[in-house]
Amino acid sequence: MARTAKAESTANGGGAAPGNGRRPRQDNRRRQLLDAAARLFADQGYRATTIRDIAGAIGMLPGSVYYHFPSKHDLLATVYEEGVRRIGTNVDAAVAELSEPWARLEAACMAHLGTLLDRSDYAQVLIRVIPTDAGEAADRLVVLRDLHEARFAALIDDLPLPAAADRRRLRLMLIGALNWAQVWYRPGGDDPASVARDFVRYLRQAPATWDRQETTEETK
């Protein structure tokens, strides 16, 4: 495999560029591999996609893939990491100029949902590929997922909620609702921003119910 990859690298002009030590053609092939893998993982699922499928999608020999990625697991983890980076960047930018806790959560939800519903392959991989189905990549995917969800944990921790509120369950419920929207959402209906605002509005109305529950418990 190493000889095949080297041969392709040479054929593609993959040697180091004079004077700077960079390999722009090889960087381009790596990006093409990631894009093809994201598309196929999103369309077919991780298990059903083979290295041969990914290589064939960009006219590469299957053995040459291993020059760029040591395994399909590593390729998946890299695609997943790019998806998390993109959605995380959008969420961070959305909340950067805001200070009010509910406004920050609403902006984060709008950015998260908007990124998922743009139907990019990388975003779809985040939803379609479950870490437990990812074999040796499972632990890496869990770490990446948790890093992104930590943004929402911090945002929910800042909300002025009653003591009875289970913030962890609220986070899981909210992220689950946002992620599931890509299953039922159809373009032409409510825009993603409106859907995200409604999710947060329903969450914001819930404390009144918790307050009544607390009062009921105290009078028993």
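Colleague: Which residues make the nonpolar surface patch of about 340 Å²?

Modeller: Trp 180, Val 183 and Trp 184 make that patch. Patch members need over 30% relative accessible area and no salt bridge, and nonpolar side chains are joined within 5 Å. A salt bridge here is a side-chain nitrogen of Lys or Arg within 4 Å of a carboxyl oxygen of Asp or Glu. Areas come from the Shrake-Rupley method with a 1.4 Å probe. Keep in mind that this is a predicted model: local features need pLDDT of at least 70, side-chain atom pairs count only at pLDDT 80 or more, and totals for chains, interfaces and linings use all residues. Residues are numbered from 1 along each chain, and side-chain values use heavy atoms, without hydrogens and water.

Colleague: Why is Trp 184 called partly exposed?

Modeller: Its relative accessible area is 43%. Buried means under 20% and exposed over 50%, with partly exposed in between, so Trp 184 is partly exposed.

Colleague: And why is Glu 82 called buried?

Modeller: Glu 82 has 13%, which is under the 20% limit, so it counts as buried.

Colleague: What joins the side chains of Glu 82 and Arg 86?

Modeller: A polar contact of 2.9 Å; the limit is 3.5 Å between N or O atoms, one able to donate a hydrogen and the other to accept it. Glu 82 also touches Arg 31 and Tyr 122, leaving out residues up to four places away in sequence; contact means heavy atoms within 4.5 Å.

Note on methods
Buried < 20%, exposed > 50% of the residue type's maximum accessible area, 1.4 Å probe, protein only. Patch = residues over 30% accessible without salt bridge, like charges linked within 9 Å, V, L, I, M, F, W, Y side chains within 5 Å.
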